[in-house]
Amino acid sequence: MARIDYAEGGLNPPHVHPRGTELLYLEKGSLYVGFVATDNKLYAKRIKQGELFVFPKGLVHFQLNVGEGPAVGFAALTSQNPGTSQVAKALFASMPAIETAVLSKAFQIGDGDVKHLMDVIAKS
């Protein structure tokens, strides 16, 4: 289990747990939560205090505090070692770096934009 504290407007950025499903219980506040299924369909909703949301194993998911003030959640995972990989960091801050041509083509953006994202994400 993990406690997650969200500042007002705070984001738990898109990430995956490759070895565990996550159940999030919202103790305080209001969150916009969601995951993207393997057919690229978004399943998202706003949850409020006392509600639960399930993020299936291996799917990209996120949480954003959309309430006034901080929010507090408790996550239970189905594995003692679920793993976590943040999507943006995995792509734009890997070591060694993925070649710019790969990311430029994948996202249909210019090399300069890829390099800018790499710089910004590496600093975060």
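## Val 66 and its loop

Val 66 is partly exposed, at 29% relative accessible area. In this predicted model, Val 66 sits in the loop that joins strand 7 to strand 8 (71-77). Leaving aside residues up to four places away in sequence, Val 66 touches Ser 30, Leu 31, Tyr 32 and Arg 46.

Val 66 and Lys 115 are 49 residues apart in sequence, and their C-alpha atoms are 31 Å apart in space.

## Phe 62 in strand 7

Phe 62 belongs to strand 7 (residues 61-65). Is Phe 62 buried or exposed? Phe 62 is buried, with a relative accessible area of 14%; the cut-off for buried is under 20%.

Beyond residues up to four places away in sequence, the contacts of Phe 62 are Asn 12, Pro 13, Pro 14, Tyr 32, Val 33, Gly 34, Phe 35, Leu 42 and Phe 55. Another pairing is with Leu 11: Phe 62 and Leu 11 are 51 residues apart in sequence, with 7.5 Å between their C-alpha atoms.

## His 17

His 17 is placed in the loop between strand 2 and strand 3 (22-28). His 17 is buried, with a relative accessible area of 7%. Again not counting residues up to four places away in sequence, His 17 touches Glu 22, Lys 57, Gly 58, His 61, Leu 77, Pro 82, Gly 83 and Thr 84.

## Aromatic pairs

How many aromatic pairs are there? The count comes to five. In one of them, the ring centres of Phe 35 and Tyr 43 are 5.2 Å apart and the planes meet at 20 degrees, so the pair is stacked. Phe 35 is buried at 11% relative accessibility, whereas Tyr 43 is partly exposed at 36%. The pair of Phe 92 and Phe 107 has ring centres 5.5 Å apart and planes at 40 degrees, so this pair is tilted. Phe 92 lies in helix 1 and Phe 107 in helix 2, so the pair ties together parts that are 15 residues apart in sequence. Phe 92 counts as buried at 9% relative accessibility. Phe 107 is partly exposed, at 41%.

Ring pairs also build a cluster. Its members are Phe 35, Tyr 43, Phe 53 and Phe 55.

## Helix 2

Which residues of helix 2 are buried? In helix 2 (residues 100-107) they are Thr 100, Leu 103 and Ser 104. Seen down the helix axis, these buried residues fall within an arc of 100 degrees, so they line one face of helix 2. The face turned away from that buried side carries the exposed residues Ala 101, Lys 105 and Ala 106. Helix 1 and helix 3 (111-123) are among the elements that cover the buried residues of helix 2.

## The largest pocket

The largest pocket holds about 170 Å³ of space. Two elements give two or more residues to its lining: strand 2 (11-16) and helix 1 (87-92). Which element gives the most to the lining of the largest pocket? Helix 1 does, with four residues.

The lining of the largest pocket consists of Pro 13, Pro 14, Gln 86, Val 87, Ala 88, Lys 89, Leu 91, Phe 107 and Ile 121. By class, seven of the lining residues are nonpolar, one is polar and one is charged.

## Backbone points to check

Where is the cis peptide bond between Met 95 and Pro 96 placed? Pro 96 is found in the loop between helix 1 and helix 2. The bond from Met 95 to Pro 96 is cis, with omega near -5 degrees.

Asn 40 is not a glycine, yet its phi is positive, near 70 degrees. Asn 40 lies in the loop between strand 4 (30-36) and strand 5 (42-48), and is exposed at 66% relative accessibility. Gln 108 also has a positive phi without being a glycine, at about 55 degrees. Gln 108 is exposed, with a relative accessible area of 73%.

Note on methods: Residues are numbered from 1 along each chain as its sequence is written. This is a predicted model: local features need pLDDT of at least 70, side-chain atom pairs count only at pLDDT 80 or more; totals for chains, interfaces and linings use all residues. Side-chain values use heavy atoms; hydrogens and water are left out. On a 1 Å grid over the protein atoms alone, a cavity is a set of points where a 1.4 Å probe fits but cannot get out, and a pocket is an open set with protein on both sides within 12 Å along at least five of seven lines; lining residues have an atom within 4 Å of a point. Grid points are joined across faces, edges and corners, and a volume is the space filled by probe spheres set on the points. Ala, Val, Leu, Ile, Met, Phe, Trp, Tyr, Cys and Pro count as nonpolar, Asp, Glu, Lys and Arg as charged, and the others, Gly among them, as polar. Buried means under 20% relative accessible area, exposed over 50%, partly exposed in between (1.4 Å probe, protein chains only). The arc is that of the directions from the helix axis to the C-beta atoms. Contact means heavy atoms within 4.5 Å. Rings of Phe, Tyr and Trp (its six-membered ring) pair if their centres lie within 6.5 Å; planes under 30 degrees apart count as stacked, over 60 as edge-to-face and the rest as tilted.
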